Amino acid sequence: GLTYVKKGVPDHAAVHTIQLEDNLVRVLPRPFHMMSNVTSLCLDRNQFTELPSWIPEYSQLRKLSLSKNKMEEVEPNLGECRALEKAFFDGNYLEYVPATFGLLTNLQMLRLDCNKLLVVNPCLGFMHSLTRLWLGFNA
């Protein structure tokens with residue numbers, strides 16, 4: 001599979017969905033941040049260890065999927081993605097959920113199963129739109 005995405009990726013506003021599943025990608029290059037109308041970013045089954053710091057620039061992002069990567073933490077700035085409705089982080093190495101997840105007031109689905117969580121952050125109790133939460137097979 002792909003191991004790197006070069007800078008030749010389109011940088012225009014017509015891109016709404018980015019799907020790079022089942023590759024060996026570790027990093028999204030900076031030109032991806034220029035796709036300001038992205039609503040769905042699917043990066044499942046790759047080699048990501050962290051989110052790009054510019055993800056909150058996707059102000060219309062509704063679905064973020066990083067299932068089965070190598071992530072040990074989710075950066076607190078994800079809480080700035082206020083339009084986010086679905087977030088999938090199952091099958092990683094997460095040990096905690098940042099308190100800023102409580103700012104994701106539109107989040108309806110959250111997958112945190114198959115990680116290394118030992119405790120559930122109380123911030124999840126403030127996510128009033130959350131209707132589906134997966135926490136199985138942790139630690």
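## Salt bridges in the model

A salt bridge here is a side-chain nitrogen of Lys or Arg within 4 Å of a carboxyl oxygen of Asp or Glu. What we're looking at is a predicted model, and by that rule the count comes to 3 salt bridges.

Let's start with aspartate 90 and arginine 111, whose side chains meet at 3.7 Å, N to O. Since aspartate 90 sits in the loop between strand 4 (86-88) and strand 5 while arginine 111 is in strand 5, the pair ties together parts that are 21 residues apart in sequence.

## The network around arginine 111

Arginine 111 also pairs up with aspartate 113, and there the closest N and O atoms are 2.7 Å apart. Put together, Asp90, Arg111 and Asp113 are linked in a network of salt bridges.

Which members of this trio are buried, and which are partly exposed? Aspartate 90 is buried, with a relative accessible area of 7%. Aspartate 113 is buried too, at 8% relative accessibility. Arginine 111 comes out as partly exposed, with a relative accessible area of 25%; the cut-off that matters is 20%, because buried means under that value.

## The arginine 45 and aspartate 22 pair

Another salt bridge joins the side chains of arginine 45 and aspartate 22, at 2.5 Å from N to O. Arginine 45 belongs to the loop between strand 2 and strand 3 (63-65), and aspartate 22 to the loop between strand 1 and strand 2, so this bridge ties together parts that are 23 residues apart in sequence.

As for accessibility, arginine 45 is partly exposed, with a relative accessible area of 34%. Aspartate 22 counts as partly exposed as well, at 49%.

## Asparagine 37 and its contacts

Asparagine 37 is in the loop between strand 1 (17-19) and strand 2 (40-42). What does it touch, leaving aside neighbours within four places in sequence? The contacts of asparagine 37 are Ala13, Val15, His16 and Gln60.

## A nonpolar patch on the surface

Now for the surface: Val120, Leu133 and Leu135 form a nonpolar patch there, and together they have about 220 Å² of accessible area.

Where does valine 120 sit? You'll find valine 120 in the loop between strand 5 (109-111) and strand 6 (132-134). Valine 120 is partly exposed, with a relative accessible area of 48%, and it can be part of a patch because patches are made of residues with over 30% relative accessible area and no salt bridge.

Methods: Residues numbered from 1 in each chain as written. Predicted model: local features only at pLDDT ≥ 70, side-chain atom pairs only at ≥ 80, totals over all residues. Heavy atoms only, no water. Patch = residues over 30% accessible without salt bridge, like charges linked within 9 Å, V, L, I, M, F, W, Y side chains within 5 Å. Areas by Shrake-Rupley, 256 points an atom, 1.4 Å probe, with all protein chains shown as cover. Helix = DSSP H or I, 4+ residues; strand = E, 2+ residues; numbered from the N terminus. Buried < 20%, exposed > 50% of the residue type's maximum accessible area, 1.4 Å probe, protein only. Contact = heavy atoms within 4.5 Å.
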